[in-house]
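Hi,

Here is the structure I promised to pass on. Have a look at it, and my notes follow below.

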Amino acid sequence: MRDKRFVAIHRGGNLSPETHKKLMKWAITCFEHVLPYYGREPDPVLHEAMNYAREWSRGACSTGDLIVASRNVHRFAKTITDPVASAVVRSIGQGVATGHMADHCIGAALYAQKTVLLAGNQVQEEKTWQIMKLCSELPNDITSLVIQTMKVKRKGLGLPDDT
């Protein structure tokens, strides 16, 4: 069951449209930050999905467009054999899905952290950067919820425990 604070008001939750859009923008920031790890120009399916995410955050496309784009990205991820590139693609897929369900922004952040880990770099630096961006963009109540949820979900992606 999703925390009501991540559920949009029009779906019976507590999340305002403004905060939902800010969570999408943060998710975009997270996946864009690790995009260089992909190692080449984004494939058309990724480019299209990232554009939909940006458009949705400006109110210029539908949630249905995001759902289709996210599914396409996750299907594409299954074709990638390089684990680092796959984690980047999963970050994008989760980020795009944020428009459908806001808590997917956490997946974008965690897959970005996994990208950094798989590339042999410091996960803590990436996490610190993400939280700094989160706190600069969103209200304290939602930042606390995101950080708390990240702590719970990180183990499922093979990320080191928080210390």
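This is a predicted model: local features need pLDDT of at least 70, side-chain atom pairs count only at pLDDT 80 or more; totals for chains, interfaces and linings use all residues.

Some housekeeping. Residues are numbered from 1 along each chain as its sequence is written, and side-chain values use heavy atoms, with hydrogens and water left out.

Of its 16 lining residues, Ala 8, His 10, His 20, Trp 56 and Gly 99 are the closest to the centre. Helix H1 gives the most to the lining, with three residues. A pocket here is an open set of points on a 1 Å grid over the protein atoms alone, where a 1.4 Å probe fits, with protein on both sides within 12 Å along at least five of seven lines; lining residues have an atom within 4 Å of a point.

Now the helices, which are DSSP runs (H or I, at least four residues) numbered from the N terminus. H2 covers residues 44-57, and its 14 residues should span 20 Å at 1.5 Å a residue, which agrees with end C-alpha atoms 20 Å apart. The expected span is 1.5 Å times one less than the number of residues. Leu 46, Ala 49, Met 50, Ala 53, Trp 56 and Ser 57 are the buried residues of H2; buried means under 20% relative accessible area, exposed over 50%, and partly exposed in between (1.4 Å probe, protein chains only). They cover an arc of only 125 degrees around the axis, so they sit on the same side of H2. That arc is taken from the directions from the helix axis to the C-beta atoms. These buried residues pack against H1, H3 (63-77) and H4, with contact meaning heavy atoms within 4.5 Å. Just after H2, Gly 59 takes a positive phi of about 80 degrees.

H6 (residues 123-137) looks like this: Val 123, Glu 126, Lys 127, Gln 130, Ile 131 and Leu 134 are buried. They fall within an arc of 130 degrees seen down the axis, so they line one face of the helix. On the other side of H6, Glu 125 and Ser 136 are exposed. The buried residues of H6 pack against H1 (17-34), H5 (104-118) and H7 (140-153).

Leaving out residues up to four places away in sequence, Ser 91 touches Phe 31, Val 34, Ala 108, Tyr 111 and Ala 112. Gln 94 is buried too, with a relative accessible area of 16%, and its contacts beyond four places in sequence are His 74, His 104, Gly 107, Ala 108 and Tyr 111. Ala 97 counts as buried at 9%; with the sequence neighbours up to four places away not counted, Ala 97 touches Ser 70 and His 104.

Cheers

Note on methods:
Helices (H or I, at least four residues) and strands (E, at least two) are DSSP runs, numbered from the N terminus.
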